[in-house]
Amino acid sequence: MTDTIEIWTDGACSGNPGPGGWGAVMRSSGHLKELFGGDPATTNNRMEMMAVIEALNALKRSSKVTLHVDSTYVKDGLTKWIKGWKRNGWKTADKKPVKNQELWMAMEEACARHDITWKWVKGHSGDPNNDRADELARQGTDEARGRK
């Protein structure tokens, strides 16, 4: 692992649930890659998770990554809560099933291939890469709605 790949992710939803999208901005050694996608019936949290999963899965080899997210749900879920959920048979502290279990599992698998430093960034606060990830997520939402 040499250069650090910087990734900014975001999710969006029009209605929650409703049509939603995810976006990712990836930067490394002067290279830029942008990704986005959507789902016609989803939630904002699911789209936040999909942005991370898709961005990490787009990397062709194990990499050093700084992952910028504006979702504490995603960051805390992967860095704090997931061990307890797994220990408790994918149940929350109050014994309810963990929502989005399949995405948590996919995100954990995607993260395991990389050396990740998590960074929380305040959404809609003028970080140009986070703002671009938000634009891409909204583009994914529009496409999921059938508008291009």
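**Salt bridges and helices**

A: Asp142 and Arg145 sit three residues apart in helix H4, so about one helical turn separates them. Keep in mind that this is a predicted model.

Q: How far apart are the closest N and O atoms of Asp142 and Arg145?
A: They are 3.0 Å apart, and the two residues form a salt bridge.

Q: Which residue does Arg138 meet in a salt bridge?
A: Asp134, with an N to O distance of 3.0 Å. Arg138 and Asp134 are four residues apart in helix H4, so they are separated by about one helical turn.

Q: And is Asp134 buried or exposed?
A: Asp134 is buried, because its relative accessible area is 10% and the cut-off for buried is under 20%. Arg138 is partly exposed at 43%.

Q: How many salt bridges does the structure hold?
A: Eight. One of them joins Glu102 and Arg46, with the closest N and O atoms 2.7 Å apart.

Q: What is the accessibility of Glu102 and Arg46?
A: Glu102 has a relative accessible area of 44%, which makes it partly exposed. Arg46 is partly exposed at 25%.

Q: Which residues are linked in a network of salt bridges?
A: Glu34, Arg132 and Glu135.

Q: New topic. Where does Asp70 lie?
A: In the loop between strand E4 (64-69) and H2. Asp70 is buried yet has no salt bridge. Lys122 is the nearest side chain of opposite charge, 10.0 Å away.

Q: What does Asp70 touch?
A: Leaving out residues up to four places away in sequence, its contacts include Thr9, Glu48, Trp120, Lys122 and Asn130.

Q: Now H2. How far apart are its end C-alpha atoms?
A: 21 Å. The helix has 16 residues (72-87), so at 1.5 Å a residue it should span 22 Å, and the two values agree.

Q: Where does H2 bend?
A: At Trp81, by about 65 degrees.

Q: What do the buried residues of H2 pack against?
A: Helix H1 (44-57), helix H3 (101-112) and strand E5 (115-120). Among those buried residues are Tyr73, Leu78, Ile82 and Trp85.

Q: What follows H2?
A: Gly89, with a positive phi near 70 degrees.

Q: Back to the Trp residues. How many aromatic pairs does a search of the whole structure find?
A: Four. In one, Trp81 and Trp85 have ring centres 5.9 Å apart and planes at 55 degrees, so the pair is tilted. Both residues lie in helix H2, four residues apart, about one turn of the helix.

Q: Is Trp85 buried or exposed?
A: Buried, with a relative accessible area of 11%. Trp85 also pairs with Trp90: the centres are 6.4 Å apart and the planes at 40 degrees, so this pair is tilted. Trp90 counts as buried at 13%, whereas Trp81 is partly exposed at 35%.

Q: Which residues do ring pairs link into a cluster?
A: Tyr73, Trp81, Trp85, Trp90 and Trp104.

Note on methods: Residues numbered from 1 in each chain as written. Predicted model: local features only at pLDDT ≥ 70, side-chain atom pairs only at ≥ 80, totals over all residues. Heavy atoms only, no water. Helix = DSSP H or I, 4+ residues; strand = E, 2+ residues; numbered from the N terminus. Expected span 1.5 Å × (residues − 1). Bend = angle between axes of the 7 residues up to and from the residue. Buried < 20%, exposed > 50% of the residue type's maximum accessible area, 1.4 Å probe, protein only. Contact = heavy atoms within 4.5 Å. Lys, Arg positive; Asp, Glu negative; His and termini not counted. Salt bridge = Lys/Arg side-chain N within 4 Å of Asp/Glu carboxyl O. Phe/Tyr/Trp six-rings, centres within 6.5 Å; stacked < 30°, edge-to-face > 60°.
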